[in-house]
Amino acid sequence: MVSHSELRKLFCSADAVCFDVDSTVIREEGIDELAKICGVADAVSEMTKRAMGGAVPFKAALTERLALIQPSREQVQRLLAERPPHLTPGIRELVSRLQERNVQVFLISGGFRSIVEHVAAKLNIPPTNVFANRLKFYFNGEYAGFDEMQPTAESGGKGKVIKLLKEKFHFKKIVMIGDGATDMEACPPADVFIGFGGNVIRQQVKDNAEWYITDFVELLGELEE
């Protein structure tokens with residue numbers, strides 16, 4: 001068990017910080033918002049809860065939900081125009097502060113790249129620092145599945161991305177921050193996991209995370225000290 005002061009030191013000296021996106025960087029679950037646009041909100045929301053609780057393998061849950069939603073390219077664009085994701089309070093300042101300290105910031109999401117890149121742009125995070133699932137469309141814009149080769153399409157995918165980042169950039173200390181079971185599983189290979197409950201509290205994460213916060217102000221405070 002690492003002491004809290006050790007964890008704080010690790011966070012302040014990290015050379016990369018990875019954030020989950022849905023219910024962490026943004027207030028919503030992107031897939032649930034897409035389901036609302038496509039008129040299948042209730043059924044999909046129930047499946048998301050089961051997936052986040054770790055009850056269903058991630059790829060199976062994603063396949064099942066997307067088969068129900070069948071989002072077209074036009075519906076994804078409509079989502080971004082009509083119901084753009086809301087940033088969680090404090091995230092803009094935290095990311096900006098980390099970037100000022102020359103810390104690399106990544107977004108690693110089981111959600112969809114088209115939505116996550118939109119969020120990344122608001123935070124001045126380059127698209128090359130985004131890892132998420134890619135939706136596929138036919139020429140006429142209809143849903144054609146998703147890219148199953150992306151590491152984020154698998155259970156344990158976030159850990160695979162972090163391992164890849166360590167190998168590619170030789171980061172010494174990577175911090176993973178997120179609300180869900182899939183984020184907690186990414187540590188190790190991440191050196192520190194910080195559970196985030198500012199939008200939704202997942203009991204399994206709250207009970208097992210060595211460091212659990214409900215407001216990004218706490219992390220900003222650590223960097224200011």
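**Exercise 1.** Which handedness does the crossing of α3 and α5 have?

*Solution.* Before we start: this is a predicted model, where local features need pLDDT of at least 70, side-chain atom pairs count only at pLDDT 80 or more, and totals for chains, interfaces and linings use all residues. Residues are numbered from 1 along each chain as its sequence is written, and side-chain values use heavy atoms, leaving out hydrogens and water.

Step 1: find the helices, α3 at residues 30–37 and α5 at residues 58–69. (Helices are DSSP runs of H or I with at least four residues, strands runs of E with at least two, numbered from the N terminus.)

Step 2: take the axes, which sit 10 Å apart at an angle of about 20°. (Axes are lines fitted to C-alpha atoms, for helices over the stretch in contact; angles run from 0 to 180 degrees between N-to-C directions.)

Step 3: the crossing of α3 and α5 comes out left-handed, meaning the near helix is turned anticlockwise from the far one by less than a right angle.

**Exercise 2.** Which residues of α3 and α5 meet?

*Solution.* From α3, look at I31, L34 and A35; they meet L62, R65 and I69 of α5. (Contact means heavy atoms within 4.5 Å.)

**Exercise 3.** What is the strand order of the open sheet?

*Solution.* Step 1: read off the six strands as β3-β2-β1-β6-β7-β8, paired in parallel. (Two strands pair if DSSP finds at least two bridges between them.)

Step 2: β3 (130–133) and β8 (211–213) are the edges, each pairing on one side only.

Step 3: check β1 (residues 16–19) against β2 (residues 104–112): four bridges join them, and V17 stands opposite V105 in β2.
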